[in-house]
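Here's a quick tour for anyone meeting this one for the first time. Have a look at the sequence and the model, then read on.

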Amino acid sequence: MDGICTLASDPVYDQLVALLNSIEAIVGSQMPVCVYPYNDNTTKIAAEIARRPNVQLYDNVESIQRWDQFAQKAWDSHPTAHQRWRQIGSSGYHRFGTHRRYCAFDRPFDRFLYMDADTLLMSPVEFIFAKLQDNDCVVYDFQHKDLTHVYNIDSPKLTQVFPPERLKTEIFCSGFYASKQNLFDQERRNWIIEQLEAGDAEVLYPMAPDQTLLNYMMMRPNLSLYNLALELPKEKKTGCCVTSAHFQENEHILYDKGNRLTYMHYIGVSSQLIAKVCAGENIDFPYRDLFLHYRYLHEPEKKPQFTTQPKPYNQPSSLSQRILKKLKLS
């Protein structure tokens with residue numbers, strides 16, 4: 001069985017509703033969807049999921065705990081991760097819970113498409129699942145142009161672990177990827193931890209813990225990856241990022257120079273800002289009307305009605321450089 005999955009908790013409630021509505025609008029209400037809990041704060045999203053027959057909240061405690069332990073072991077092997085996290089005021093493990101998207105490798109789908117909660121589906125996805133016939137992972141993004149948010153480029157060990165040509169072509173964003181069940185059984189997970197503990201851990205970039213670890217998990221065992229952004233003809237490629245200002249909207253679908261986007265990623269637009277806008281605060285952000293269309297697809301009477309001039313969205317300084325880099329990627 002094929003399905004779409006995501007990761008969420010109550011703070012991203014509005015994004016989750018918009019994503020689920022976009023999936024329903026684009027591929028239909030029969031598409032199975034699984035939501036993995038970021039943490040135990042799931043009261044609001046659980047109520048929303050209960051209203052949707054095709055959507056389930058993942059509750060396999062054993063699977064969740066297994067991946068929690070895997071992530072802890074992986075980052076305990078890193079020489080500086082905990083120190084860097086303490087420096088930014090992050091106690092324990094930084095952004096712990098993001099790795100729970102890995103539960104998709106356990107169940108419930110034989111083949112799955114993972115989408116971050118801050119994305120919207122824009123196109124049918126049969127062509128992505130079709131590529132899984134011959135590949136272990138299928139992605140569609142331009143993260144390969146920015147290695148710094150995946151690996152520690154200052155580590156001399158990086159090019160010893162991965163040849164430069166692989167680092168140029170196999171890097172991907174963890175916000176949108178398709179893969180298969182059972183790629184990471186206990187034996188493979190143990191082997192990955194062994195490699196990290198033997199010294200590989202220093203190549204990981206600790207500030208994006210789920211993304212760097214997922215890339216390593218795919219690359220270290222030499223699993224096959226297909227990136228549509230590298231494989232499609234130039235005239236057919238599209239961007240996917242909210243920082244690309246040139247997309248054109250037609251009937252609530254975005255197009256890039258005439259080509260329909262596969263998905264839109266609202267990267268850098270915080271859940272706190274989204275909550276304020278949905279509560280009626282007139283703050284502008286790119287493609288806001290598109291987001292609000294899908295967020296209130298089934299309850300248009302609740303859609304905020306703005307009568308004042310919108311306040312500009314001043315992105316946090318910690319994200320500014322990241323967004324500028326993303327501008328070059330899409």
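## The cores

In this predicted model, the largest nonpolar core has 60 residues. A nonpolar core here is a set of buried Ala, Val, Leu, Ile, Met, Phe, Trp, Tyr and Cys residues joined through side-chain atoms within 4.5 Å, and buried means under 20% relative accessible area with a 1.4 Å probe, protein chains only. Helix α1, residues 13-27, gives the most to this core: eight residues. Tyr266 and Phe285 have the most contacts inside the core.

What does Tyr266 touch, leaving out residues up to four places away in sequence? Its partners are Asp118, Leu120, Val242, Phe285, Pro286, Tyr287, Leu290 and Phe291, where contact means heavy atoms within 4.5 Å. There's also a second, separate core of 50 residues, with Tyr58, Trp85, Phe184 and Tyr205 among them.

## Helix α1

Helices are DSSP runs of H or I, at least four residues, numbered from the N terminus. α1 has 15 residues, and twelve of them are buried, including Tyr13, Leu16, Leu20 and Ile26. From first C-alpha to last, α1 reaches 21 Å, close to the 21 Å expected at 1.5 Å a residue (1.5 Å times one less than its number of residues).

## How confident is the model?

The chain's mean pLDDT (the predictor's confidence in each residue, from 0 to 100) is 94, and 95% of residues reach 70 or more. Over residues 317-330, pLDDT stays under 50.

Residues are numbered from 1 along each chain as its sequence is written, and side-chain values use heavy atoms, leaving out hydrogens and water. Local features need pLDDT of at least 70 and side-chain atom pairs count only at pLDDT 80 or more, while totals for chains, interfaces and linings use all residues.

Terms used: Helix = DSSP H or I, 4+ residues; strand = E, 2+ residues; numbered from the N terminus.
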